[in-house]
Amino acid sequence: MEEKDDSQQMKGKTSDLSSQIDEVKEIMKKNVNQILHREENLDKLLEVSKYLEDKAYNFRRTTNEVSRSYWWKNVKLMVAVVVIVLIIVVVIILLAVGVIPISPPVAPVVTPTIKP
């Protein structure tokens with residue numbers, strides 16, 4: 001009888017070990033699936049980060065081009081304003097000095113002479 005108890009104890013221990021092994025297998029399968037899923041997510045993340053990096057480079061390049069373009073437009077506008085102001089100042093100075101007459105010249109007044 002003791003042999004039967006021993007054999008049943010062994011069967012019980014074996015079934016316990018087998019169930020624990022099955023649990024460990026399931027946990028490992030879940031872990032492997034999670035690792036594969038994380039790897040897929042990392043690949044997607046790398047693709048997105050590469051895409052964003054390319055877009056950021058293009059954005060930076062475009063902003064530099066636009067900035068340079070508007071800088072030149074600003075310089076041209078400032079040069080035009082300076083030229084116009086200088087022309088106005090020169091005209092005012094010429095008017096003040098009398099080089100450019102403001103009113104038509106007055107004809108000299110001739111007084112008739114009476115003969116005695």
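Good morning. The structure is a predicted model, in which local features need pLDDT of at least 70 and side-chain atom pairs count only at pLDDT 80 or more, while totals for chains, interfaces and linings use all residues. Residues are numbered from 1 along each chain as its sequence is written, and side-chain values use heavy atoms, with hydrogens and water left out.

I begin with the overall form. The secondary structure consists of 1 helix and 0 strands, where helices (H or I, at least four residues) and strands (E, at least two) are DSSP runs numbered from the N terminus. The radius of gyration is 50 Å, well over the 13 Å that the globule rule gives for 116 residues, so the protein is more spread out than a compact globule. That radius is taken over C-alpha atoms, and the rule is 2.2 Å times the number of residues to the power 0.38. Along the principal axes, the C-alpha atoms fill a box of roughly 180 × 20 × 15 Å.

How many of the 116 residues count as buried? The share is 0%, with buried meaning under 20% relative accessible area, exposed over 50%, and partly exposed in between (1.4 Å probe, protein chains only).

Next, the charges. The protein has 16 positive and 15 negative charges, and their mean positions lie 25 Å apart. Here Lys and Arg count as positive and Asp and Glu as negative, without His and the chain ends; each charge is placed at NZ of Lys, CZ of Arg, CG of Asp or CD of Glu.

Which residues pair in salt bridges? Side chains of opposite charge can pair when their charged atoms come close. The whole structure contains 2 salt bridges, each requiring a side-chain nitrogen of Lys or Arg within 4 Å of a carboxyl oxygen of Asp or Glu. In one of them, Glu 26 meets Lys 29 at 3.9 Å, N to O. These two residues are 3 apart in helix H1, and therefore separated by about one helical turn. Glu 26 is partly exposed, at 43% relative accessible area.

Lys 50 and Asp 54 also form a salt bridge, with their closest N and O atoms 3.6 Å apart. Both lie in helix H1, 4 residues apart, about one turn of the helix. Lys 50 is partly exposed at 47%, and Asp 54 is partly exposed at 36%.
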